Amino acid sequence: MEKHYLFKTSAAFDRIAFEDILSDIGVEGVDYSSPTEGWFVADAKKVAELVPLLSVMRDDLGISISFLVSHGFGALEKKLLAEAFAYYPNQALFPTDVILKEMSFGNYSSYPLIKARFETIPHELMLTAGTYLRCGLDGILAAKCLFIHRNTFLYRLNQFIEQTNLDIRDYHNALFLELYFQLENSYHGDFR
């Protein structure tokens with residue numbers, strides 16, 4: 001499963017040296033959106049190889065750097081990347097890490113962007129995904145709880161994944177969806 005690795009640095013840096021460091025773990029094809037920000041797409045497991053390189057990047061490049069490892073690359077991820085850099089310099093994080101940190105400060109500013117991701121998804125697909133989470137990612141049990149055939153369940157789950165670009169068979173994506181459900185159930189979108 002591929003992830004987007006978004007990064008933000010404290011200053012402009014030597015891109016060739018940066019890409020050489022990343023090539024040591026098999027990362028190629030880095031894109032830059034500014035002198036201090038960019039991204040690449042790589043296997044989800046690359047994060048384990050990336051973490052030990054953070055201190056190397058800091059020392060060799062003379063910068064602070066933070067990575068946001070995400071399932072997508074949109075307005076929410078850009079916002080979370082800026083906050084990841086502020087909260088957690090020189091770390092690799094997932095969106096839920098940053099959202100939970102925001103919430104610990106009583107900051108729910110990401111909620112509208114999260115909610116927007118799911119507003120157009122049909123109810124039956126949201127119900128299917130939610131039941132799948134509550135059944136411990138057990139598709140057979142989820143199909144039984146929904147009183148639908150296993151093939152119908154798989155079709156709906158695949159439709160949810162396709163429409164949201166959120167493969168909830170991945171732990172971090174499942175946690176992101178669960179966080180959304182908890183916010184919806186607890187606060188009904190009212191964060192005054």
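The side chain of T9 makes a polar contact within the predicted model: one of its polar atoms lies 2.8 Å from the backbone oxygen of A11. A polar contact is a pair of N or O atoms within 3.5 Å; within protein, one must be able to donate a hydrogen and the other to accept it, and residues adjacent in sequence count only if both atoms are side-chain atoms. T9 belongs to strand 1. Helices (H or I, at least four residues) and strands (E, at least two) are DSSP runs, numbered from the N terminus. With a relative accessibility of 3%, T9 is buried. Buried means under 20% relative accessible area, exposed over 50%, and partly exposed in between (1.4 Å probe, protein chains only). Beyond residues up to four places away in sequence, T9 touches P35, T36, I63, S64, I65 and F85. Contact here means heavy atoms within 4.5 Å.

The model is predicted, with pLDDT of at least 70 needed for local features and 80 or more for side-chain atom pairs, while totals for chains, interfaces and linings use all residues. Residues are numbered from 1 along each chain as its sequence is written, and side-chain values use heavy atoms, with hydrogens and water left out.

The chain has ten helices and five strands. Its C-alpha trace spans about 55 × 40 × 25 Å along the principal axes. Of its 192 residues, 47% are buried. Among contacts with a separation of 6 or more, 66% join residues 24 or more positions apart.

Aromatic pairs were counted for rings of Phe, Tyr and Trp (its six-membered ring) with centres within 6.5 Å; planes under 30 degrees apart count as stacked, over 60 as edge-to-face and the rest as tilted. The count is 16. The rings of F7 and F13 are edge-to-face, because their centres are 6.3 Å apart and their planes stand at 65°. Both residues, F7 and F13, are buried. F7 also pairs with F18; this pair is tilted, because the centres are 4.9 Å apart and the planes lie at 55°. F7 lies in strand 1 (residues 2-9) and F18 in helix 1 (residues 15-23), so the pair ties together parts eleven residues apart in sequence. The relative accessible area is 0% for F7. F18 likewise has a value of 0%. Ring pairs link Y5, F7, F13, F18, Y32, F40 and F67 into a cluster.

Charges also sit over rings, a term that requires NZ of Lys or CZ of Arg within 6 Å of the ring centre and within 35 degrees of the ring normal. R15 lies over the face of Y32, 3.9 Å from the ring centre. K78 lies over the face of F73, at 5.6 Å.

A nonpolar core is a set of buried Ala, Val, Leu, Ile, Met, Phe, Trp, Tyr and Cys residues joined through side-chain atoms within 4.5 Å. The largest has 37 residues, of which F118, M126, F153, F160, I168 and L177 touch the most other members. Elements giving two or more residues to this core include helix 4 (75-87), helix 7 (123-134) and helix 9 (150-164). Helix 10 gives the most, with seven residues. Apart from neighbours within four places in sequence, F153 contacts T128, Y132, G139, A142, A143, L146 and I148. A second, separate core of 23 residues includes F18, F40, L54 and A92.
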